[in-house]
Amino acid sequence: MAAPLDNPVFGLIGRTAAECGARAYVIGGFVRDHFLGRPCCDIDVVVTGSGVQVAERLGERLGVKVSTFKNFGTAMLRYRGLEIEFVGARKESYRADSRKPVVEDGTLEDDQNRRDFTINAMAFSLNEDDFGELVDPFGGIDDLKAGIIRTPLDPDTTFSDDPLRMVRAIRFATQLGMTVTAECIEAIRRNRERIAIISRERITAETEKIIMSQRPSRGFFLFDKTGLLELVYPDLYRLKGVEKRGGRAHKDNFVHTLKVLDNVAAAGGDEWLRWAALLHDIAKPRTKSWDDRVGWTFHNHEFVGARMVKGIFKAWRLPLDHKMRFVEKMVLLHLRPIALVEDEVTDSAVRRLLFDAGDDIEPLMTLCRADITSGDDRKVARYLRNFDTVESKMRQIEEKDRIRNFQPPISGELIMRTYGIEPCSAVGQIKNAIKDAILDGRIANDYDEAYRLMTELAAEIIPDKKPLA
Ligand code: CTP
């Protein structure tokens, strides 16, 4: 492990603090990440005295700009790729209706007390007399080794003071593969209603770190265990449970969804494919019905689910741009490859899938493979083999027909110009019929063949119109 404080800037911070009659410590994420062997460029420095004064003097010395937030008593400067934030050591108390604290000056220990977890409350001294010494009053280093998330104070105080920490406990446990103590889990259950005072953006920012973890399911199971799931992710909460009729049960869609999410994570899926995995069956509770012949059905859950994505993205403050449209598309199409596998794999069906998925065909296939979560290994192996067949067929057809991202060679504009007509249903009908003929392989993806078909179709659909030229 590299020496934690070998960058000369740390010594300089300590000397600058001494000149201001203060002491300085690097605290929090930097110290934790050092012991975890993770690189960290965000450095939090706590100063017993004025953090702003030390930052300003250091900024002058280094010749860099300092941004100060006097109201919060914090200051930040950037130096050679590091972002260094200064804060005066604080003692805080909180009002019940807000996470904005009433702040007083305090000692290093006061400041460590008000931190979220023991693993985040460790500090290294930057002062000449004990430079590099670890100050760890709550056994953060032991907890880090043992993989335990625990609060420095009574967890009811820590979580009630700043309820975002309930979500952070789950985030760190998931991200670092650690365990939240039973005492903390209980305290989160007791304080869970206080999550209402936290902004959605902050909850989503933590959840993004959960879903980007190696095994994101851990986080969502913890949301459930602590009672936060129902409050924070009610749509996911509704996926829970199994209903039985006449001995026939459907699978627990919450458990299934999380398995799919883990599978997508293991396959290296990006953030948006992971949200898609979380939402792919989101409409199952709404579309569930019972059919005496076939048992439980969830007809059209992919269409209904795709329509739910926008509202969910809005509520969760996720971007309403092409990333959301990608998730909608994944939810809408997630059954298509499996339907292909179950039926006979015809060229025409493969072409249609390539056309509808366009450039997103690879992530769609990753999601579909991830969606096979049967407990029956032989069944899983058979499905995955069938997917291989579909994929090799896709490659052949794509090479031959270039369907992916294809624009039909005859546009609506051309049809209108050719026949001197205004936009009307006939134009759409002709255009779609040409597209279908190409996708079905009845004509080639080629201008001349498409033009010929257009004239045949026009003679039937708009017999009174003749080509102008
Ligand atoms: N902190 C806290 N309570 C919070 C947020 C932060 O006590 N709600 C403290 C912790 O000591 C934390 C430090 O502030 O280590 C910095 O917080 P932040 O930058 O949000 O997180 P990191 O711990 O640095 O973790 P990461 O870089 O993974 O976000």
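In this predicted model, the side chain of H301 reaches the backbone oxygen of F298 at a distance of 2.9 Å, and the side chain of H301 also makes a polar contact, at 3.1 Å, with the side chain of D281. H301 belongs to helix α16, which spans residues 301-315. With a relative accessible area of 6%, H301 is buried, because a residue counts as buried when this value is under 20%.

The residue N300 lies in the loop between β15 (295-297) and α16, and its backbone has a positive phi of about 65° although N300 is not a glycine. Such a value deserves a remark, because most residues other than glycine have a negative phi. N300 is partly exposed, with a relative accessible area of 44%. A positive phi, here of about 55°, is also found at R317, which is likewise not a glycine. R317 is placed in the loop between α16 and α17 (322-333), and with a relative accessible area of 48% R317 is partly exposed.

Helix α14, which covers residues 271-279, has nine of its nine residues buried, so this helix is largely enclosed by the rest of the structure. The buried residues of α14 include the charged residues E271 and R274, and they also include W272, L273, W275, A276, A277, L278 and L279. At the start of α14, a side-chain oxygen of D270 comes to within 3.1 Å of the backbone nitrogen of W272. One of the residues of this helix, W275, also takes part in a cluster in which ring pairs link F220, F223, Y233, W275 and W316.

Aromatic rings were then examined across the model, and a search of the whole structure finds twelve aromatic pairs. In one of these, F10 and F30 form a tilted pair, with 5.4 Å from centre to centre and 50° between the planes. Because F10 lies in helix α1 (residues 8-19) and F30 lies in helix α2 (residues 29-36), the pair ties together parts that are 20 residues apart in sequence. F10 is buried, with a relative accessible area of 2%, and F30 also counts as buried, at 10% relative accessibility.

A further tilted pair is formed by F35 and F124, whose ring centres are 5.8 Å apart and whose planes make an angle of 45°. Here F35 lies in helix α2 and F124 in strand β8 (residues 123-125), so that this pair ties together parts that are 89 residues apart in sequence. The two partners fall into separate accessibility classes, since F35 is partly exposed, with a relative accessible area of 26%, whereas F124 is buried, with a relative accessible area of 4%.

The ligand is surrounded by 13 residues, of which the closest are R32, D116, N120, D162 and R171. By class, the shell around the ligand consists of nine charged, three polar and one nonpolar residue. Several atom pairs can be described individually. An oxygen atom of the ligand is 2.8 Å from a polar backbone atom of D116, while a backbone N or O atom of G29 lies 3.3 Å from an oxygen atom of the ligand. In the case of R168, an N or O atom in the side chain is 3.2 Å from an oxygen atom of the ligand. Of the 570 Å² of accessible area that the ligand has on its own, the protein covers 74%. The elements that give two or more residues to the shell around the ligand are α2 and α7 (164-176), and the largest share of that shell, four residues, comes from α7.

Note on methods. Residues are numbered from 1 along each chain as its sequence is written. This is a predicted model: local features need pLDDT of at least 70, side-chain atom pairs count only at pLDDT 80 or more; totals for chains, interfaces and linings use all residues. Side-chain values use heavy atoms; hydrogens and water are left out. Rings of Phe, Tyr and Trp (its six-membered ring) pair if their centres lie within 6.5 Å; planes under 30 degrees apart count as stacked, over 60 as edge-to-face and the rest as tilted. Buried means under 20% relative accessible area, exposed over 50%, partly exposed in between (1.4 Å probe, protein chains only). A residue is near a molecule or strand if one of its heavy atoms lies within 4 Å of it. A polar contact is a pair of N or O atoms within 3.5 Å; within protein, one must be able to donate a hydrogen and the other to accept it, and residues adjacent in sequence count only if both atoms are side-chain atoms. Accessible areas come from the Shrake-Rupley method with a 1.4 Å probe; for residues, only the protein chains shown count as cover.
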